[in-house]
Structure formats: structure tokens, C-alpha cells
Amino acid sequence: MSYVIGTIINLLVSTSYAMTPLTLTAVGEITSERAGVVNIGLEGMISVSALVSVAVATQTLNPWLGLLAGVGVGALIGLIHGLISAYGKGAQIISGVGINIFALGFVPYMIIALWGVAGYKQVPEAGRIPRVAGLVSPVFILCVLVAIATHYVLFRTSLGLKIRALGEEPQAADTLGIHVERLQLIAAVYGGALAGLAGAFMSLDWLGTITKEIAAGRGFISLALVVFSNWKPSLALLGGALFGSSWALTEWLKVLPGVKGVVPVTIINTLPYVVTLGAVAGVIGRARPPRKSGVPYLRE
Amino acid sequence: MRGKVIRDVLVKTGNVVTAMTAGLIIGGLIMQAYGYDALHAYYSLLRHALGNPLTDAYPLTSTLSLATPLIFTGLAFAVSVRSGLFNIGVENAVYLGALGMVLASGLLRADTPLVLIIGSLMGLGLSVLFAFVAASLKVFRGVHEVITTIMLNWIAYWLVDYVRVNVFPDPRDPSKTIAVPPSARIPLLIRGTELSASFVIAILASLTTYFILWYTVFGYELRATGINLMAARYAGMKTSRLTIYSFLFSAVLGGLAGVCEITGRPPHYSITTGISNLMGLGFDGIAVSLIGLNHPIAVIPASILIGALNTGVRGMQIEARVPFELVRLVQGVIVVSLALPGLLSTLQKYLGIRRGRREVVVS
């Protein structure tokens, strides 16, 4: 009996870890897409922020400064992407692809340049984020709060209404005197900051190490989560829990006696994706993206 | 009319060139900041990507060879965008196309051209099957294609890795799958280079796609669906069916990239560990398609551009000692600058030149 309870608690805790980066990134991207800025460079932003936060944390031995640096770097990349998208009327997808390629070079290069090792760098114990009650990450709690707060702002305040107007009909928003570009830029920076927090959480807290493959597709899965949650932060929290739990289950299955060594690991690895596919196919109906998301707003 | 078309093409080309220049300057500054000689690096990039084609065919042929899969994946993505879909599943189509060839090589265990035929049929069949999952979920359940195709990409990834590790590993080198037998390989166009006849197939695919999209009823309806779904539906077009066809069309083009890559590129002729020799080809296709403004013919120069960058990277590494990672970084900066179509127009506006207004549709 205690074995069962222990397993359940274990799975819940690992779910809380697996869902945090997904939910954070998705909530940021939802805000950004609601304002009309699509960013498929999330994958790159997660890894760059993860790296910078480790660099700062190992230097200062202060995890909170590291976390802050990660958020800052994410916001900075978000700012660049936002400038290109909102003011430059650029092709947002190309910019996002560029961010991903940049990260593919930047992260492994900096790991070598900073620490002289190829591949990965362990975070020293003093640079890691302490856990609440020895189990839960404070970033997980922050993540839940951020998701709820963002939902509230988007759907219950006039600021949220303005942001959503940008994604639906920027021209109407413009006519009403809303600063389209400025608000789009702010949303993109917010999205970047949350992706940065997700990256910093992964390296400084969850995994305690930085590798060049740290994001492992989570940026793209977050994009899937955005669609899954129908562009609603509260649903992103639930969806993140679903995606995260299938991950936790997969890791648990891999070492389960009777499965380990019998079913190939590669096949078990497909599980989270199959579960997600099944969930989307069975649970949700037609998702509706913001109408003008990803389309540069040009004045007549 | 003709004059307008020519001017349009010139403006678009000008935009790409300006963006490239901006990207190269920023990239150069970054290289200088890290203590590398940027001019020397770019000189070696150019030398290795183009060289002097009259005396040495290798640089240019390498560029074209690396451009080949990107033409296929760029086309695949362009077809989806034209029909109003943001189909990221091109990536898994590439994996599965190659997987079909490996399966055929492993199952038949014979050195005959038959492997090429059966392998490509299996590969394209697998790609189409996966695309059909995404297509039917979109049409019948209303699930957005971004979510399904990302999941399918990862499922395909682990399936291919399963075959590499558990089913058909190379007995001499377990980091790879078994290789495609010599007589099932696509011949090289020029001996001693990496350029195979798949480049010709890619060009043909591009012309065919152009013809289908602009000179057939099917292509017309596909584009109409992409421009305005509701209008197309009211005009009596079967938009759901068109959506499914668009997915399958894309999958065939993406699958061809995988087939041609594994049967046409020396030296491996197999899938390497972590699918490293195929990974990202589908995603690069997105950039290629968008640089080529989602036009099947313009995808060719766009692919050659990216192909040249990928080839020149080797030169920068060897001659200017710029680490590969830093080169990737510079490449990223260049792609980000390519996103700015307004760069040239802003410049023009600044100089007081009148311009036509145009929109860039990305999704």
C-alpha cells in the first residue's frame, strides 16, 4: 500500500516538474499570439536562457540571480523578435526559425567557451534552486500563479481586451487609438520572458545541468499546447498537466520491472506523443486561433 | 503587366539580398567580437560554396547537393501554405521516406535496382500514411495541424530510431542502419562530387508542382482554399477533400526528400545515429519556402542560397578556424534578418522612392 502511495506521489511530483516548462512557455506564447505575434523560436529561447542562467548562477552561486538572468535573456530575444514582427512587419516564422538556428550554434559554442567542456555542464549545488518542503519547486508554484494571473488579465481586464483585439482585428484596435506596435512588442517580450523562465527552470532546478539538447522539443510541444488549450492560459495549465503526466509515466514505465528490457525504450518514448494525439483527437473540438495572428499589421 | 511582374521580382530579390547583407554584417561583428577574422571567414565561405566552377566543380556541386533536399521540403511546405495549412509534418515525411528505403534494403537483402522502387514506394507510403492521420484529424475532428504534425514528427523520430537500434542496425557500425545497396542508389551526376541525379529530380518536382498549382483545376482549387476557405466552399469546392489532398501532396514531396537523401548522398547511404543526417531538413524547408515567398520556382534559388551557406560553413571551419557552432550562430542571425521584408522598402522610403504596397502572408 505504501508502495502505491509512494509511486503516486512520485508521479505527481515528476508531473509537476515536467509540466512547468511546457505551461510557462505556452502561457507566454498564448499572450503573444493573442496580440498577433507568433514565435516558433521558443525552442531556441529555452536553450539560450537555460545556458545564460547557468553561467550567471555558477558565477555568483546565487540561483535567483541565475533565474532572473534567464528571464532577462528570454525577454531580450522576445524584444528582438517583437521589434522584427511589430515594427519591422517581418515574416515572424522566418525570424523564429532563425532564433532556433542561432541557439543551435550559441549554446554548444558557449558551453565550450565558458567551461572548456564539450557537451554538458553540471550546476554546482549552491547554484540550484531550493525546493519547497524538499519536494516541490517554487517555480512550479510560480507557474500556476502566472497561468491564472495571465488568464485573468487576458479575459477580465481592459488591457487583456486590447491585447486580444490586436490578434483579431488590429485595424479596429488602431482606430480606437490603441498603440498596436507597442502593445505587440510588450506581448512578445512577455512571451520571451516566460520562455526564458522555463529554460532557467530546466537547467537550474529540474535537471541541474545544461546540455545543448536541453530543450528536447519542448518549445515545439508548447506550441502544440497553445493550440490544445485553445489559446486560453487556464487550459494551458490543465493541458500542461496532461502532457507532463504522460512524460512522467513514460519515465516510470522505462524502469518498471517486466517492461524494462522487454519493450524497447524507443517504442516507450513515443508514448507521450501518442497520448497527446489521442487526447486532442478525443477531447477537444475545433480550436480557433486568433484571426490575424502571425500576419504583419500594415496600415492603409 | 509584364513590367510590373519584373519589377516585383526585382524588389523581392532586392529584399533578400539586403537582408543577407545585414545578416552577414551582424554575423561578422559577432565573429570579430570573439576574436576571429570575419573577412577571412567570409572569403573562405564564398570560396567553398562557389569556388571557381571552371577549374574545380566540387564547391558548386556541394552547394547544389545540399540544396537538393531543401528544394523538396521547401516545395512541400509551399504547397501546404498555398492551401492554407501550416504543415510542420514535412519533417516526419523526410524521416519516413528514408525509413522506407532502409526497410526495403533490410527486407530484400539483395543488390538490385528493385530495392529503389520498392523502397521509395514504402517510404512514400509511410509518409502519406502519417500525413493522412494529421489530415483526417484536421478534417473530421478539427484538430489544428501544428499540434498533430509535431506529435507525428516525434513518433516518426522514435520509430526510425527503433529500426536503427533494434531492427536493421549496420552489423559493422551500430550507430547507423544498414546501407542502401549500390545498385539501388541514385547515380552521381559528376564523379568525385556529392551531386547526384536527385538534383534533377528536385528541379522536375519543382516544375511539376508549379504546373499543378497554376495550370490545373486541382491547383486552382487548392490555392483558392488557401486564400479564402469560405469563398472556396461557397463556390462549390470540396474544401475538406482538398485539405486532405494538400497534406498527401506535401507528404509525397517530403518523402522524396528522404528517399533522395538516403539513396543519393555519399558516403553513408543509411540513417545515422539520432537521425542526424536527416534532422532539420523539414524545418529548413519552412525557411526556404518563406524566403522563396512560397512559390515553387522561387524555392529553387532559395534552397541554393541556404545550400551555399551550409557548404561554405565547412570552409569557414577549416580555413578561418571559426568553430562550427559559431558558424551556426551566424547562420541564425542571417535567417533572422531574412525575416525582414521591409528592410529594402524602408531603405527606399528613406530615399524617397515610391513603392507598391504588398503583404506577406505567413500562415
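**Reading a two-chain model**

Q: Where in chain A is confidence lowest, and where is it highest?
A: It is lowest in helix H12 (residues 271-282) of chain A, with a mean of 81. It is highest in helix H5 (residues 138-156) of chain A, at 96. The score is pLDDT, the predictor's confidence in each residue, from 0 to 100. Chain A as a whole has a mean pLDDT of 89, and 98% of its residues reach 70 or more.

Q: What kind of model is this, and how is it numbered?
A: This is a predicted model: local features need pLDDT of at least 70, side-chain atom pairs count only at pLDDT 80 or more, and totals for chains, interfaces and linings use all residues. Residues are numbered from 1 along each chain as its sequence is written, while chains are lettered from A and ligands numbered from 1 in the order in which they are written.

Q: How many helices and strands does chain B have?
A: It has 14 helices and zero strands. Helices are DSSP runs of H or I with at least four residues, strands are runs of E with at least two, and both are numbered from the N terminus.

Q: What makes the radius of gyration of chain B agree with a compact globule?
A: The rule is 2.2 Å times the number of residues to the power 0.38, over C-alpha atoms. For 363 residues that gives near 21 Å; chain B has 21 Å, so the two agree. Its C-alpha trace spans about 65 × 60 × 35 Å along the principal axes.

Q: Why is B:Leu85 called buried?
A: Buried takes 20 or more other C-beta atoms within 10 Å of the residue's own, exposed 12 or fewer, and partly exposed lies in between; C-beta atoms are placed from the backbone. B:Leu85 has 25, so it is buried. It sits in the loop between helix H3 (58-82) and helix H4 (90-108) of chain B. Beyond four places in sequence, its contacts are B:Ser80, B:Glu145, B:Thr243 and B:Ser246. A contact needs C-beta atoms, placed from the backbone, within 7 Å.

Q: Why does B:Ile30 fall in another class, and which one?
A: B:Ile30 has 17 other C-beta atoms within 10 Å, so it is partly exposed. It belongs to helix H1 (residues 2-33) of chain B. Its contacts beyond four places are B:Leu329, B:Val330 and B:Val333. B:Ile30 and B:Val330 are 300 residues apart along the chain, yet their C-alpha atoms are separated by 7.8 Å.

Q: How do you know that H10(B) is mostly covered?
A: Of its 26 residues, 21 are buried. Helix H10 (residues 239-264) of chain B reaches 37 Å from first C-alpha to last, close to the expected 38 Å. That expectation is 1.5 Å times one less than the number of residues.

Q: Which residues have the most contacts inside the largest nonpolar core?
A: They are A:Ile94, A:Ala224, B:Phe72, B:Tyr95 and B:Ala98, in a core of 206 residues. Helix H8 (residues 180-206) of chain A gives the largest share, 17 residues. Such a core is a set of buried Ala, Val, Leu, Ile, Met, Phe, Trp, Tyr and Cys residues joined through C-beta atoms within 7 Å.

Q: How many residues does each chain bring to the contact between A and B?
A: Chain B brings 45 and chain A brings 45. On the side of chain B, H6(B) supplies the largest share, 13 residues.

Notes
Contact = placed C-beta atoms within 7 Å.
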